[in-house]
Amino acid sequence: MAQYAWIIPVLPFIAFWLIVFFGRRLPGEGAYVAIGAMLIDAMLSVGLLVQALGGAHYQANFVWAVLGNRPLELGYQIDPLTAVMLNVVTVVGSLIFIYSVGYMHGDPRYPRYFAYMSLFAASMLTLVLANNLLLLYVGWEGVGLCSYLLIGFWFERPAAARASLKAFVTTRVGDLFMFIGILLIFFTIGTLQFDEVFEAVEGGRLAGPTLTLAALLLFGGAVGKSAQVPLHVWLPDAMEGPTPVSALIHAATMVAAGVYLVARTYLLFFASPDHTALTVVAYVGGITALMAATIGIVQDDIKRVMAYSTISQLGYMMMGLGVLGYTAGVFHLMTHAFFKALLFLAAGSVIHAMHTNSMKEMGGLAKVMPWTYRTMLVGSLALAGVPPFAGFWSKDEILLEAFHHNPALFVLGLIGAFITAFYIFRMIFLTFGGHLRSAAHPHESPGVMTVPLVILAVFSAFIGLVGAPWWDNPFHHFVEFEAAGGAAFDVGLALVSTAVALAGIFAAAAVYYWKWISSASLRTAFGPLYTLLVHKYYWDELYARAIVRPTVWTARQLRTFDVYVIDGFVNAVGIVFVWLARLYRLFDLYVVDGAVNLLGWIAKTTGGVLRYMQTGRPQNYLLVIALGVIILVIGGILR
């Protein structure tokens, strides 16, 4: 089956073109074609996972182009990391596609939505299957393009149009660094094949400062796609897109691509002298995790809570990879895909019923939306890291690795875990607890939306058990980086992380459920900090002043220079040529044509005079001859 793995990205790609050309004439206006392609991909991915569990590895290549004597090859590979990511993308993606049928029902651009989603899936699957940096970059840019199209899907909304442009430009900054890193690797060792690059690292042909620089440049791309500090600002605004798009971007595809890139090229980071590159990854991830979590506390838009949660959890993944927790980072990438997709889709179910994103206008929904509430509660427990839900096992592994390799980041991770539990249950209590705070008439979502929620809830509850210690952590043995090793399960540390999560839940309940403490009094007590968090640490303001405004000012000055100098010069040259043409016309008309006309007039006048001498009568001619003879004779006599 592995030799047919190339079919996996091809199927949604074909679905994209079918929907583009035939649209509403297809079954379900294209939705069934898109869903069918993803379900077939999910079955194929499960089959590949079974083969990979049996130890199967497969790789296929073909030469795409030759630069001098350097061939550029494209191909795909199947290994444990690929098999896991394929299942994450296709299984979670299939459920999101099915959910979209209900959520997007009645949208005037319904077929276009599923076309874009299919292209998005095809790009991500290409990225995952690639066995070289070139094809991975192709999928990488495809994902970026589709995110632009889907975030701005409702482009008639100015906020959506701005958000799509912001996401596109911000991620392009990271992509530029990544592209330079790819070029550096190619011109250093002459290949982009992963296995050959790794051989070059192990053989010392790619080493020292060059290796560190290459790894950090690749990490620049991951910082952009996975919304790490300082390129995280695009992701919260991406909430302007449809909620299923948010689920796909923030759970299984685009933001996962950055973490996957670091995991796929992990040897480059690991072999960096003194683990310099990994240290950068760890601290960027740790800072991102804590910063985003604190901002999530003060958000009132239910989707923005999820957005900052995603940024924070991506930070945890990067931190895990950076503290030599390769398996822990990938494990959290997998579990997070399921429970974050669940949380986003459940939030979409709430928005679908309430027609608002503001949690201030919600409340009491547990009674009228029981399925949404129960599934969202499961996702929240998984995110908070409460055992035995999925997030507990993966986040605990990250904290364990941090405890052994970087105690400072371990403390930061624990603080982040407390805040995570606090903000997600703040959302639960504000949305589902108490009484409804608006005049809306909410209702449970249709089955096409709630069934995917239930399936994702089951995964969120039990998928983490594949990393349970009493089974000797089978996930660790399947997806591992042997040189990094791995710390053994620590009961004491697990109890500490659980206690921290429960403390966060208790604190949220004290403020927003039991209301022992007024949230208004907390805002007053922590006024400056609250202001800082509401303004998201002033990142947008910083970029506005340091980059956006200077860029706009420069653009305006360049426009002025273009209009009045460049265009002025061109226009002046045009005016000169116009006047020269007019002068030439006058010269041509009165000098050249005048001289020609004068000659014609002289010839005509002379002819008019001479014609009287040409009478045609012989006697006249004889008379003239006689007169001429007489004149000659007289002249001779006078001489």
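**Salt bridges, burial and cavities**

Student: D175 and R172 are said to form a salt bridge, with their closest N and O atoms 2.3 Å apart. What makes this pair a salt bridge?

Tutor: A salt bridge is a side-chain nitrogen of Lys or Arg within 4 Å of a carboxyl oxygen of Asp or Glu. For D175 and R172 the closest N and O atoms are 2.3 Å apart, so the pair meets that rule. The model is predicted: local features need pLDDT of at least 70, side-chain atom pairs count only at pLDDT 80 or more, and totals for chains, interfaces and linings use all residues. Residues are numbered from 1 along each chain as its sequence is written, and side-chain values use heavy atoms, with hydrogens and water left out.

Student: How far apart are D175 and R172 in helix α6?

Tutor: They are 3 residues apart, which means about one helical turn between them. Helices here are DSSP runs (H or I, at least four residues), numbered from the N terminus.

Student: Why is D175 called buried?

Tutor: Buried means under 20% relative accessible area, exposed over 50%, and partly exposed in between (1.4 Å probe, protein chains only). D175 has a relative accessible area of 2%, so D175 is buried.

Student: Why is R109 put in a class, and which one, at 16% relative accessibility?

Tutor: R109 counts as buried because of that 16%. R109 also forms a salt bridge with E156, the closest N and O atoms being 2.8 Å apart. R109 lies in the loop between α3 and α4 and E156 in the loop between α5 and α6, so the pair ties together parts that are 47 residues apart in sequence.

Student: What makes K536 and D540 a salt bridge?

Tutor: Their side chains meet at 3.4 Å, N to O. K536, at 22% relative accessibility, counts as partly exposed, and so does D540, at 24%. Both belong to a network of salt bridges that links K166, D237, R304, K536 and D540.

Student: How many cavities of 30 Å³ or more are found?

Tutor: The search of the whole structure finds 3.

Terms used. On a 1 Å grid over the protein atoms alone, a cavity is a set of points where a 1.4 Å probe fits but cannot get out, and a pocket is an open set with protein on both sides within 12 Å along at least five of seven lines; lining residues have an atom within 4 Å of a point. Grid points are joined across faces, edges and corners, and a volume is the space filled by probe spheres set on the points. Helices (H or I, at least four residues) and strands (E, at least two) are DSSP runs, numbered from the N terminus.
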